[in-house]
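Hi,

Here is the structure I promised to pass on. Have a look at it first, and then read my notes below.

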Protein chains: 2
Amino acid sequence: MSNNNIINFFLNPKSVAVIGASKNPTKGGHRIMDNLISNNFKGKIFPINPNSDGDLFGLEFKKSVLDIQEEIDLAIFYIPNQKIPAILEECVKKGIKGAIIEASGFEEVGDKGYELKDQILKITNNFSKIRILGPNCMGLTRIDESSNSKDNEKGGFFTSFAVFYKYKKGNIAIISQSGMLNGGYLMYLMEKYPDLGIRYSCTIGNKMDLSEIEFLESFIEDPSVNVIAIYLESFKNPRKFIDLCRKARKKPNKTIIFVKGGITEQGQKATLSHTGSIAENSQLIKSIIKQSGIIHANSFYELFQYARTFSMMYTENKIMPKLGNISMITGSGGAGTIVADITSKYNLKFPDFDNKMYNILLDIFPEWMPPNRFALIDFWPAMEKAMMNNVNPGYLMTSVIELLLKEQNIEGILVMLFCSGQFRNFTNYKYIVESIYHTSKPIFFWLIGEIKEVKKVNRLMSEKNIPVFPNLEEMTKNFWILVQDSKNKIFY
Amino acid sequence: MSNNNIINFFLNPKSVAVIGASKNPTKGGHRIMDNLISNNFKGKIFPINPNSDGDLFGLEFKKSVLDIQEEIDLAIFYIPNQKIPAILEECVKKGIKGAIIEASGFEEVGDKGYELKDQILKITNNFSKIRILGPNCMGLTRIDESSNSKDNEKGGFFTSFAVFYKYKKGNIAIISQSGMLNGGYLMYLMEKYPDLGIRYSCTIGNKMDLSEIEFLESFIEDPSVNVIAIYLESFKNPRKFIDLCRKARKKPNKTIIFVKGGITEQGQKATLSHTGSIAENSQLIKSIIKQSGIIHANSFYELFQYARTFSMMYTENKIMPKLGNISMITGSGGAGTIVADITSKYNLKFPDFDNKMYNILLDIFPEWMPPNRFALIDFWPAMEKAMMNNVNPGYLMTSVIELLLKEQNIEGILVMLFCSGQFRNFTNYKYIVESIYHTSKPIFFWLIGEIKEVKKVNRLMSEKNIPVFPNLEEMTKNFWILVQDSKNKIFY
């Protein structure tokens, strides 16, 4: 099978055997079964456990894959490492084409682990008889429909030993050498940010066989994927990785965001005990990242924040900024000042207004407090004036945003919005959102005020793929990242 | 009055007049009254408005301060700038000693504003007759009791035109040239982080008279204040500022955290239109910060996050780390790797274990996955082993934390905790919290998993002043900040 075919095979199997399925809900093998079933895996599922009788979730236990008549595409292993070779041998005999091995205790533990690996190489005839994902991973997830869809439509293919309840289908594909990106952290993120839309999450662990290369190759061609978020502790094939990233950069609708674990000496000591990765030296890593021309995030948090931002922009077909010319509307001069400093750091600029636009603003602002000549708008005095004249400041803000969006030299807008029942002016959030969400330029928000109101507005914006950020730096930095990606793109 | 006395006078007046008090709830003058009354200001309050009759919140309107027989300490102005001189003159006549002016439209708008300033200088005889806070500010707040105290005990002295409902009394004092730090942003923060304990929040606006200097001088001596969080757009007196910071650094229980707005050229353009501050050049600013030896935050968000961390440490009498030797307990090897990289950046180290400690860990870990020799503990295999042996991994984690805390060369611990009902092991959070909160070394947490569980654990930790961070970098950076502050301290 070609790489795309093999990944397609792992992500869309017709039947799976769960090796180590268990009635005991504290066991991983139980939770994998739960995760598959409660998330509506549409294929066949065979629970395998030589020590179990009866059935689990209505499915009959078998002692071995060899006891099954039907064809099995994938075997998902959740058993201790020492027991794997014997059962893998049975899988080969049965003609199973792929295995996900979630147990650890291989290369990362030294000699004993390497012995195990040698056995696996022999059994699989260097992975020609059966392909392997892992070991030391948390499987993969394919989301077809969000968890809030109808009960019989939600789900997809979920093989993590952490059970997922809340998720949104989206255009992000994750490739990760850390299991928790298909486990506790992803679970947390998808609940905390219900607007984070995921298509696939694939953990590759020690990548004994399948690695970032095969997944990356597949996702670059997958039309359901716009954003590829990658965490690696080592590169399987740096040259190929760079080539694939270059290929992605030629596509207008693909963005790769990358975090590297083990850049520093201290980090490299950690990777060795984690995935057995013998890390490249720092200079080489930096050079690979640079040549790849991808977005480099410094942490998991940044990885997912950037991924969400791009995901929303792609979903809404936004025109990505290229020059870094922005405007800001702020209710606080202090916030404006801080953002002005931050934008300098990221080479973003507030262009000067032409006379036409300036005169419009002049009219909106009170005489005693004229607006800036440049595109940083300290909006409070204008709102005060509006209120004095019984004009609703929310409508005023919307009009100003709409005017700014028409300015050719402004590529996007940052808005600080004060959400509070105390101030009459800010009650028509819904109007603001409805008026601006469909526009072609990115608009980012920072919300402050009463938590209850902030949450309400946040929800409205989430639904329309308008990104909201927890602070000014992150808002600004994410805009900069859009500009970065435009610069990375290769067009002929 | 000395500086300390004048600040004490502004923060603890016995009687206030609200100039511009209004029955109209959309007006700032109404909200100031509301804020004072609903937050139990214990002094006398006089609503002043020549256009209003009857009463407001049961208090009779007066046309002018001159119509009041009783003594008035402070006047709080919420009227348009042009009307201020005439009424300020009446305040002087009445013998009022201080005024808070919240209106804008002074130095920051150029010539017209300067004319107003000149009038004020004349009326106040260069502030010898009456002291001024502002203009262009959001007043000040003194918190005596948290909002969840009994109704007749909660509150203090609240003069912002944004009404505060939720707050916690604490040991942080804010000095800010941005109004929103006593308005929408502070409101947001105090609701979002119920563990953020504030003692004072003072906005100084254009600092026509009172400035950061007087407040800083006062808070350094105030025993109820441990953490001083400052936002400035310009320095009133750099030399004096540096001297005061140096004085604070000699005190073991004071930490100053500082954000400067208008460091870059773009930021400086913004400050000019905000508070009329003519900013120092970037080199000078950096030199002032360096000589001050205070903690430099890059943004409001960092300012308050650092402030919260120090506040919790002081409240619980933690021993601050001096060398940067830490340990980490993580359920995810990937998270451990990322933290290892981040700690390198901040010069934090994971010391090697001695044989005794290593042997204890060796016993806890499964044979196939021994622990690291250095203080980064990838805990998952140990938890799996514990579960197999029917040992509760929560108890195990607590014991390990307790052992680590006894290690002389470990100054604090970072913990990644997976919060989920799915995994039996993590259900005894309460036990973990109760066992470790009183220890003398800092322990920071990063929580992931199911949101509901995360929130529950977060709440438990908040109550015990255990800081929880939203991501790994912030957790690590905040530990580094503690080390930084220890290095800044001057002891003889």
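**What I found**

Val92(A) counts as partly exposed, because 17 C-beta neighbours fall inside 10 Å of it, where 20 or more would be needed for buried. Before going on: this is a predicted model, so keep that in mind throughout.

Val92(A) belongs to helix H3 of chain A, residues 84-94. Leaving aside neighbours within four places in sequence, what is Val92(A) in contact with? The partners are Ile123(A), Thr124(A), Lys129(A) and Ile130(A). For Ile123(A), which sits 31 residues away from Val92(A) along the chain, the separation between the two C-alpha atoms is 7.8 Å.

Now over to chain B, and strand S18 (residues 443-449) in particular. How many of the residues of S18(B) are buried? Seven of its seven are, so to speak, under cover. In a regular strand, side chains alternate between the two faces of the sheet. In S18(B), one side has Ile443(B), Phe445(B), Leu447(B) and Gly449(B), the other has Phe444(B), Trp446(B) and Ile448(B), and both faces are covered.

S18(B) also has strand partners:

- Strand S17(B), residues 412-419, runs parallel to S18(B) and is joined to it by seven bridges. Cys419(B) is found opposite Gly449(B) there.
- Strand S19(B), residues 468-469, pairs with S18(B) over two bridges, again in the parallel sense. Here Phe445(B) stands opposite Val468(B).

On the chain B side, 70 residues are in contact with 70 residues of chain A. Helix H11(B), residues 333-345, supplies the largest share of that side, with 10 residues. By type, the chain B side splits into 31 polar, 27 nonpolar and 12 charged residues.

How do the two copies relate?

Cheers

Definitions and conventions. Residues numbered from 1 in each chain as written. Chains lettered and ligands numbered in written order. Predicted model: local features only at pLDDT ≥ 70, side-chain atom pairs only at ≥ 80, totals over all residues. Contact = placed C-beta atoms within 7 Å. Helix = DSSP H or I, 4+ residues; strand = E, 2+ residues; numbered from the N terminus. Nonpolar A, V, L, I, M, F, W, Y, C, P; charged D, E, K, R; others polar. Buried ≥ 20, exposed ≤ 12 C-beta atoms within 10 Å, placed from the backbone. Pairing = 2+ DSSP bridges.
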